[in-house]
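The stops below go from the whole chain to single residues.

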Amino acid sequence: INKSARMANSLHLGKTHFCANLLSAEHEALSNLCATPDAYDQRFNQGDWDVSRTPRLNNAAAVFECVVDQLNEYGTHYVVIGRVLDVAIDARSANPLCYWDGRYRQLTQVS
């Protein structure tokens, strides 16, 4: 997380809960929205979010609910290590969203 990001000041060891939502290929537009700084306040308006506690995407490929276990400074960023408290997996989602080298890509199965 960039040290200048809005949420950087809210990270506290053992107290701050967060969800790592692993997106499916169908979530490309949502991924782009979440990556747009000017759209920060709109990111939970798109998709099937449960924001009653820690925001979690209900139709994510997988969701890891975590608490901040380590917070390490690395240049202009924090590397956040979470202790996993709960995992939810959507068995229907077999096509993960992958972003590499400046664009979205598909995984291929090698036999």
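How many positive and negative side chains does the protein have, and how far apart do the centres of the two sets lie? There are 10 positive and 12 negative side chains, with 4 Å between the two centres. Lys and Arg count as positive and Asp and Glu as negative, while His and the chain ends are not counted. To mark the place of each charge, select NZ of Lys, CZ of Arg, CG of Asp or CD of Glu.

This is a predicted model, in which local features need pLDDT of at least 70 and side-chain atom pairs count only at pLDDT 80 or more, whereas totals for chains, interfaces and linings use all residues. Residues are numbered from 1 along each chain as its sequence is written, and side-chain values use heavy atoms, with hydrogens and water left out.

**Whole chain**

Switch to cartoon. The protein has 1 helix and 7 strands, in the order β-α-β-β-β-β-β-β along the sequence. Helices (H or I, at least four residues) and strands (E, at least two) are DSSP runs, numbered from the N terminus. The C-alpha trace spans about 40 × 35 × 30 Å along its principal axes. With the surface on, the protein exposes about 7,900 Å², of which carbon and sulfur atoms supply 51%; the areas come from the Shrake-Rupley method with a 1.4 Å probe, and for residues only the protein chains shown count as cover. Of the 111 residues, 25% are buried (under 20% relative accessible area; exposed is over 50%, partly exposed in between, with a 1.4 Å probe and protein chains only).

**Strands 1, 4 and 5**

Select residues 62–74, strand 4. Strand 4 runs antiparallel to strand 1, joined by 6 bridges, and also pairs antiparallel with strand 5 (residues 77–89) over 12 bridges. Two strands pair if DSSP finds at least two bridges between them. Now go to the hairpin of strand 4 and strand 5, with 2 residues between the strands, where Gly-75 takes a positive phi near 60°.

Select Ala-8, in the segment before strand 1. Ala-8 is buried, at 6% relative accessibility. Its C-alpha atom is 7.9 Å from that of Tyr-78, 70 residues apart along the chain. Leaving aside neighbours within four places in sequence, Ala-8 is in contact (heavy atoms within 4.5 Å) with Ile-1, Asn-2, Lys-3 and Tyr-78.

His-27 comes next, in the loop between strand 1 (17–22) and helix 1 (28–34). His-27 has a relative accessible area of 7% and is therefore buried. With the same exclusion of sequence neighbours, the contacts of His-27 are Leu-57, Asn-59, Ala-60 and Leu-97.

**Cysteines**

Show the cysteine sulfurs. The structure holds 0 disulfides, a disulfide being a pair of cysteine sulfur atoms within 2.5 Å. Cys-98 is in no disulfide either, and the nearest cysteine sulfur, that of Cys-34, is 17 Å away.

**Asp-101**

End at the loop between strand 6 (98–100) and strand 7 (103–105), where Asp-101 lies. Is Asp-101 buried or exposed? Asp-101 is exposed, with a relative accessible area of 60%. Check the backbone too: Asp-101 has a positive phi of about 55° although it is not a glycine. Most residues other than glycine have a negative phi.
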